[in-house]
Amino acid sequence: MKRDEITKLEAYLRKKFELPKIGVRARPQKDDSAEVYIGDEFIGVLFRDEEDGDLSWNFQMAILEFDLEE
């Protein structure tokens with residue numbers, strides 16, 4: 001993903017989740033996705049999806065069972 005796209009997505013997520021510590025970072029050697037962090041903790045991946053002229057992004061976050069026990 002391009003830097004301006006990452007910046008827009010980061011601003012959207014910060015506003016939507018009311019969480020200024022959320023960050024979106026480019027992935028090394030990947031241009032179709034970006035990593036999402038809260039502070040220094042990795043929480044998921046944003047995937048760019050461009051199909052039939054429509055552009056969207058999908059956020060994927062895995063929640064492990066031991067995360068729920070903390």
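Helices here are DSSP runs of H or I with at least four residues, strands are runs of E with at least two, and both are numbered from the N terminus.

A quick word on ground rules: you are looking at a predicted model, where local features need pLDDT of at least 70, side-chain atom pairs count only at pLDDT 80 or more, and totals for chains, interfaces and linings use all residues. Residues are numbered from 1 along each chain as its sequence is written, and side-chain values use heavy atoms, leaving out hydrogens and water.

**Stop 1: the whole chain**

Zoom out. The C-alpha atoms fill a box of roughly 45 × 25 × 25 Å along the principal axes. Of the 70 residues, 26% count as buried. Buried means under 20% relative accessible area, exposed means over 50%, and partly exposed is in between (1.4 Å probe, protein chains only).

**Stop 2**

Select Glu5, in helix 1 (residues 3-17). Is Glu5 buried or exposed? Its relative accessibility is 11%, so Glu5 counts as buried. Leaving aside residues up to four places away in sequence, Glu5 touches Arg48 and Trp57; touching means a contact, with heavy atoms within 4.5 Å.

Arg48 and Glu5 form a salt bridge, with their closest N and O atoms 2.7 Å apart. Arg48 belongs to strand 3 and Glu5 to helix 1, so this pair ties together parts 43 residues apart in sequence. For a salt bridge, a side-chain nitrogen of Lys or Arg must be within 4 Å of a carboxyl oxygen of Asp or Glu. By that rule, the count is five salt bridges.

Next, show Glu50. The side chains of Arg48 and Glu50 also meet in a salt bridge (2.8 Å, N to O). Shared partners join Glu5, Arg48 and Glu50 into one network. Arg48 is partly exposed at 30% relative accessibility, while Glu50 is exposed at 53%.

**Stop 2: along helix 1**

Stay on helix 1 and pick Glu10 and Arg14. They form a salt bridge, with the closest N and O atoms 3.5 Å apart. Because they sit four residues apart in helix 1, about one helical turn separates Glu10 and Arg14. Glu10 counts as buried at 15% relative accessibility, and Arg14 as partly exposed at 34%.

**Stop 3: two surface patches**

Which residues make the nonpolar surface patch? Select Phe59, Met61, Ile63 and Leu68, which form a patch of about 420 Å². Patch residues have over 30% relative accessible area and no salt bridge; like charges are joined within 9 Å, and nonpolar side chains (Val, Leu, Ile, Met, Phe, Trp, Tyr) within 5 Å. The areas come from the Shrake-Rupley method with a 1.4 Å probe, and for residues only the protein chains shown count as cover. Phe59 is in strand 4 (residues 54-60) and is partly exposed at 34% relative accessibility.

Last, select Glu41, Glu65, Asp67, Glu69 and Glu70, a surface patch of negative charge. Asp and Glu count as negative, Lys and Arg as positive, with His and the chain ends not counted. The place of a charge is NZ of Lys, CZ of Arg, CG of Asp or CD of Glu. Glu41 is in strand 3 (residues 41-51) and counts as exposed at 54% relative accessibility.
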